[in-house]
2 protein chains.
Amino acid sequence: MQKGTDFLYLQLADKIAQLIEKGVYAVGDRLPSVRELRQEHGVSISTALQVYAQLEKKGWITARERSGYFVQPNPRQRAQLPAVTAPAAAPVAVKVNEQVRRIREGRRQKGLVALDAATPAAALMPQHKLHKAMLHAIRRHSASCVPYHDVSGYEPLQRLIAQRSLTWKDAVTAADVTITNGCLEAVSLCLRAVARPGDTIAIESPTFFGLLMTIESLGMKALEIATDPVTGICLDKLENAFRKKKAAACLLVSNYNNPLGSCMPPAHKQALAQLLQRYQVPLVEDDAFGDLHHGPDRPDNIKTYDSEGLVLLCSSFSKSLAPGYRLGWAIAGRYRHKVEQLKFMTSIHTSLMPQLAIHSYLEHQRLDLHLKQLRHALALQTQQMANAIQQYFPAHTRITRPEGSFNLWVELGPHTDAWELYRLAMEQRIAIMPGTLFSSQPRYRNCLRISAGLPFNEDMAWAVQTVGRLAKRMN
Amino acid sequence: MQKGTDFLYLQLADKIAQLIEKGVYAVGDRLPSVRELRQEHGVSISTALQVYAQLEKKGWITARERSGYFVQPNPRQRAQLPAVTAPAAAPVAVKVNEQVRRIREGRRQKGLVALDAATPAAALMPQHKLHKAMLHAIRRHSASCVPYHDVSGYEPLQRLIAQRSLTWKDAVTAADVTITNGCLEAVSLCLRAVARPGDTIAIESPTFFGLLMTIESLGMKALEIATDPVTGICLDKLENAFRKKKAAACLLVSNYNNPLGSCMPPAHKQALAQLLQRYQVPLVEDDAFGDLHHGPDRPDNIKTYDSEGLVLLCSSFSKSLAPGYRLGWAIAGRYRHKVEQLKFMTSIHTSLMPQLAIHSYLEHQRLDLHLKQLRHALALQTQQMANAIQQYFPAHTRITRPEGSFNLWVELGPHTDAWELYRLAMEQRIAIMPGTLFSSQPRYRNCLRISAGLPFNEDMAWAVQTVGRLAKRMN
């Protein structure tokens, strides 16, 4: 313990940490507000703020936007983070298709307990308000939906999306936005705009299998780059690949990478934007999860620092509003015309109906309020899931601590075969996602992605407990 | 003239032909009905039917489903058909992208007179009934639109589409139908399912540039096959390519090929199905125009005769109901799972909203009545456009006589440069489509596609006259 009144805030922080350790405050509980702390302990506002800043720094609590401070699992006993990944440094042809087919086949069964729900529960989406928005749009504009429409999208919606770029190095206009059938189509079009079959794409390791499948289906190769579970892709390794002209382009999820949950710090993003410019390598930046930050502030994008149009930003409303609408977009910088051309020859244009509905929602409803609720729910669910995994999985299990979205990357003992665990879990009607799906290389055999898109309930707790028991038996 | 009363019908037919030649009946006029003919001339019903059959055979008139008999342009003076095409017999990389970009750029101008409208006018679509269907669907099912949905589509809609296969050699079920973002996405997915970058696709010559662009964007090569403007692709030439293993797959528009308007006779379709089986070559059959037959009967498909699942049938509601809904489908036979997988990794699934709306329309409205009206309008517009071209274009101009859809292929004198004509026409704010867009080879420089999707009015007549005058000057 520190000494002297100068360190009052440290004394107070330590006292609260002890209360947490003794279980007076349980994981997930809200601590007294700053105002309450001030009143209870007769300290100044600034000291109270210092107390919480210290506790946060030490990992005891987490701040949630406008909600207060919440107890985290004991940092002294918390599961270790997975190590920085170390994929082989050679481009390879991707072959995850067959694995994905197997997963989708299994997923057809009814009544599974989903520890793999990589999309927020429908109940977390503003279904009623979307319904109203849809009716409003259809009543006013249904005739516009009938004829062919402009390839790039519904202009008022493009404009609303472009408005997000206000703080970017190069702000974009409506015409820079191409509306697509979801983020995956946007990524696919952008990849085709910057690379050809046979070309190599630098990616994070592990990477979402949907992105791997896209690379696979385009006949491109993947070059996996070492990735830190907290700060994302290792820039020195990536620069090395650029220097050796190993990659025609990059494809990254800079915010809350799926499955790692890593989020590149602003300085990394800025540095990467500079690397892209130095080596003239285009980057497809998938930002599907950027709106799902658990903390108060939205992370920025690599695109934010892009002054040469080398970053093709892709995102969608699939994780924030309505997955089933299949609405995404690409802001493709200097590749905009090429992306539009590819969009035209792939699907002419995106159906107008969902565009009108989303536009009407954004015009008449408060997206920010919805997102706030959604983020709180996802942060809570993710924390609950992480806690359960820590409680029930083998002691050596490593777990990521994402600061956004709802995916957890779980590293089991080196001899655990996640596909065998998958098979045993499916016998218990529990769905999990084996780690090998997330690599073009024979990697992550002992890893799982566990997703917390659904509310954490007793079934979930039972499922985590069951999978943990199965994993323990396999060691 | 024939002699004797046995040939009464021939005498009567000849008399009517003379009346047409003298202008008593003008092009497009309806002739007396069979009943009226019987009464006026005191002949039997069967003789009256023979009269019209004879006139139709000789090209004087055309029968339109439930509407009667209509006067055609004088067959003795009618423009010649273009010859069977004769493309080079080597696979080539496709490069039409730049031309299409130029056309799309020009098309951005407002106030053009469109001789290139390759989609039926919005007013020909059942906009009000679609609006009702949409509202009905949204009121009942809007919540279903929010979460992710099944990759293959909305099952009740898949079922309605599958019902069209009742008369096929192998009837299909709902599960065989994959709903896509329009026909072009279906074609793109199917091509990717049967061929890889670098592979060669056998196609008709000329072929719709959208299909060429798809081949181009997938890094495949095109092998153009000689095509007859009436009966479609030349089967002996195609078999030759199969025998020499020149093509990994075929891609054909068997009904009313865009731009030629050719329609393969049933015997050709059956023979081609057998060829596919003999050589085990898959065929992507684009049937986007099949519902737009001008005569009473819908043509069948090559898929109709496919008993081995080698034909991947693609179609859409874009030409028959609502282009802007972007709704199509693939019935991919033995490649179904592969197409579904590709669909999943391209756009996850098709937006549910337009699927619900079309399903509700098909459930509650009479598609057959709408199609009948649409077909009559398109048949009339196409005839009017053809007549105007014949009247105003240079005398040696060759014009196709499609029996469905609304595209005309116009062959000008051998020294006419259609791109120069395009440029001159654009100066007059008239949009036409140069022939080189429809080939992977440097062909059809003196050809145009003129499309009659819009009602034929005075502006159109002026535009045809103007382009005709420009073409005459270029000779």
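Biologist: What should I know before we start?

Modeller: It's a predicted model, so local features need pLDDT of at least 70 and side-chain atom pairs count only at pLDDT 80 or more, while totals for chains, interfaces and linings use all residues. Residues are numbered from 1 along each chain as its sequence is written, chains are lettered from A and ligands numbered from 1 in the order in which they are written, and side-chain values use heavy atoms, leaving out hydrogens and water.

Biologist: How many residues does chain B bring to the contact with chain A?

Modeller: Contact here means heavy atoms within 4.5 Å. Of the interface residues of chain B, 100% are also interface residues in chain A, so the copies meet through the same surface. Chain A brings 54 residues, and chain B brings 54.

Biologist: Which three residues of chain B lose the most area to chain A?

Modeller: Buried area is the accessible area (1.4 Å probe) that two parts lose on being put together, summed over both. Chains B and A bury about 4700 Å² between them, with 63% of it on carbon and sulfur atoms. Together the top three in chain B make up 15% of what that side buries: B:Val146, B:Tyr148 and B:Met345.

Biologist: How many salt bridges are there between chain B and chain A?

Modeller: A salt bridge needs a side-chain nitrogen of Lys or Arg within 4 Å of a carboxyl oxygen of Asp or Glu. B:Glu340 and A:Arg108 make one, at 3.8 Å from N to O. Over all chains, the whole structure has 40 salt bridges. Between chain B and chain A the count is two.

Biologist: Where do A:Arg101 and A:Glu105 lie?

Modeller: Their side chains form a salt bridge at 3.5 Å, N to O. Helices (H or I, at least four residues) and strands (E, at least two) are DSSP runs, numbered from the N terminus. The two residues are four apart, about one turn, and both lie in helix 4 (residues 97-107) of chain A.

Biologist: Now inside chain A: which residues supply 71% of the area that domain 1 buries against domain 2?

Modeller: The domain bounds come from an automatic or database domain assignment, which gives domain 1 (5-71) and domain 2 (96-121 + 372-474) of chain A. Their centres, taken over C-alpha atoms, are 32 Å apart, and about 540 Å² is buried between these two domains. The 71% on the side of domain 1 of chain A comes from A:Val27, A:Arg64 and A:Glu65.

Biologist: How many salt bridges cross the interface of domain 1 and domain 2 of chain A?

Modeller: Five residues of domain 1 of chain A are in contact with six residues of domain 2 of chain A. Across that interface, the salt-bridge rule finds zero.

Biologist: Where in chain A is A:Pro206?

Modeller: The peptide bond from A:Ser205 to A:Pro206 is cis, with omega near 0°. A:Pro206 sits in the loop between strand 7 (200-204) and helix 8 (209-217) of chain A.
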